[in-house]
Every structure is written in C-alpha cells, then in structure tokens.
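These are my notes from a first look through one structure, kept in the order in which I looked things up.

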Amino acid sequence: MAGESQFQLVTFHLGEELYGVNIMDVKEIVRLQNVRVIPNAPFYVEGIINLRGEIIPIIDLHKRFKLQTMARSSDDVEIEGGFIILNIDGNKIGIIIDKVERVVSVKAEEVKEPPQMLSGIGTEYIEGVVREKQGYLIMLNTRKLFNAKELQSIIEVQ
C-alpha cells in the first residue's frame, strides 16, 4: 500500500525490558570489552573504548535510567552483552546493553504513545511503544538520550 511508512529497529534488552533504536542511528554492535574509566565524567559515562583507532565514549543506560541489569543464571551462556555504537548527529557514542535481540520492521501506525508510567525511565527518552506478543517494545529516541550540553561534555571527555 502506498504511503505506508515502515522502518527498522535494532532491539535489545536492558534489564527485563525490550528496547529498540532506529537502525539508521546504529553504526555497529560490538562485543563487550574493557572500558577505560575517565575521571570527572558524568555518573552514567562508563568510560571510553578504542574501536579500531577511534575513541568512543560508553554510556551506561542502566545508570542513566536507574535500571537493574538483567538477571543472569548459569544457563545463560548465550546471553551476551555488548555495546551498540550509535551515530548521533555525527558523534559516535556507545551504549551498554544486556543482550541484543534482533532487527524488527515496524510500521509507523503501530507506534503508540508511551504509557505514563513505563518502567521508570522518563517518557522524554521514549519515541513510542510497539505492542508485541510478550509485552512492549520501547523505542528510544537517541537524540533525546542526551541533551546538547551533556552530549558536549561527553564529546569533550574523548
């Protein structure tokens, strides 16, 4: 049908919730690696990694949103956290995730307004919510995860 707009989301777990970011904002997904801590960084900045010669600040969304990390049992060998490297207006920033899920296609009309009390993270960070069989997929607005001042201080950290 003409005029039907569809886009793709990279989905991942933070704690018990399923989140998604627009695939157009994702540069790549990399395995967990050692993060070098930076003194005087904002509390949610975990540090920096060197990715093929590029210094990328790593943000801990668990701290940013005050979320628990995913509970892991000894059976969870296949659960592997990592970093999603986002490209936000030309700035590369990594976010720590508990587990990558998959890429999903979403139709624009499936995106609903977020419920007022959604998992405790501020609704200002949420682009919308997509209903799934197992519950909700929360679409994060990558541009609102960090305001301009925060983005500047994170970039200066580099």
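**Strands and their pairing**

The model is a predicted one, in which local features need pLDDT of at least 70 and side-chain atom pairs count only at pLDDT 80 or more, while totals for chains, interfaces and linings use all residues. Residues are numbered from 1 along each chain as its sequence is written, and side-chain values use heavy atoms, with hydrogens and water left out.

Along the sequence they follow the pattern β-β-β-β-β-α-β-β-β-β-β-β-α.

For the sheet, I kept in mind that strands pair through backbone hydrogen bonds, either parallel or antiparallel, and that two strands are taken as paired if DSSP finds at least two bridges between them. I found an open sheet of 6 strands with mixed pairing, in the order β8-β1-β2-β11-β10-β9. At its edges stand β8 and β9 (111-112), each with a single partner strand, so one side of each is left without a neighbour in the sheet.

I went through the pairs one at a time. β1 pairs with β8 in the antiparallel sense over 7 bridges, and there Phe-12 stands opposite Val-100 in β8. β1 also pairs with β2, again antiparallel, over 6 bridges, and here Phe-12 stands opposite Tyr-19 in β2. These two strands, β1 and β2, form a hairpin with 2 residues between them, and Gly-15 in the turn has a positive phi of about 60 degrees.

Further across, β2 and β11 run parallel and are joined by 3 bridges, with Leu-18 opposite Leu-137 in β11. Strand β10 (residues 126-132) pairs with β11 in the antiparallel sense over 6 bridges, and Leu-137 in β11 is the bridge partner of Val-130.

**Single residues**

Is Gln-8 buried, partly exposed or exposed? I placed Gln-8 in strand β1 (residues 6-14) and read a relative accessible area of 37%, so Gln-8 is partly exposed; the class runs between buried, under 20%, and exposed, over 50%, for a 1.4 Å probe and protein chains only. Not counting residues up to four places away in sequence, Gln-8 touches Val-21, Asn-22, Ile-23, Val-103, Val-104 and Ser-105, where contact means heavy atoms within 4.5 Å.

Leu-67 lies in the loop between α1 (61-65) and β6 (82-88), and with a relative accessible area of 17% Leu-67 is buried. The C-alpha atoms of Leu-67 and Gly-15 are separated by 6.5 Å, although the two residues are 52 apart along the chain.

In strand β10 I looked up Ile-126, which is buried with a relative accessible area of 8%. Ile-126 and Gly-20 are 106 residues apart in sequence and 9.9 Å apart in space, C-alpha to C-alpha.

**The interior**

Of the 158 residues of the protein, 46% count as buried. Which residues have the most contacts inside the largest nonpolar core? I found Phe-12, Ile-59 and Phe-146 in that place, in a core of 30 residues; such a core is a set of buried Ala, Val, Leu, Ile, Met, Phe, Trp, Tyr and Cys residues joined through side-chain atoms within 4.5 Å. A second, separate core has 8 residues, among them Ile-49, Ile-56, Ile-58 and Ile-96.

**The largest pocket**

My last entry concerns the largest pocket, which holds about 150 Å³ of space. A pocket is an open set of points on a 1 Å grid over the protein atoms alone, where a 1.4 Å probe fits, with protein on both sides within 12 Å along at least five of seven lines, and lining residues have an atom within 4 Å of a point. Grid points are joined across faces, edges and corners, and the volume is the space filled by probe spheres set on the points.

The lining includes Glu-17, Leu-18, Glu-101, Arg-102 and Tyr-136, and β2 (17-22), β8 (99-107) and β11 (135-140) each supply at least two of its residues. By class I noted 2 nonpolar, 3 polar and 5 charged residues in this lining, with Ala, Val, Leu, Ile, Met, Phe, Trp, Tyr, Cys and Pro counted as nonpolar, Asp, Glu, Lys and Arg as charged, and the others, Gly among them, as polar.

Notes. Helices (H or I, at least four residues) and strands (E, at least two) are DSSP runs, numbered from the N terminus.
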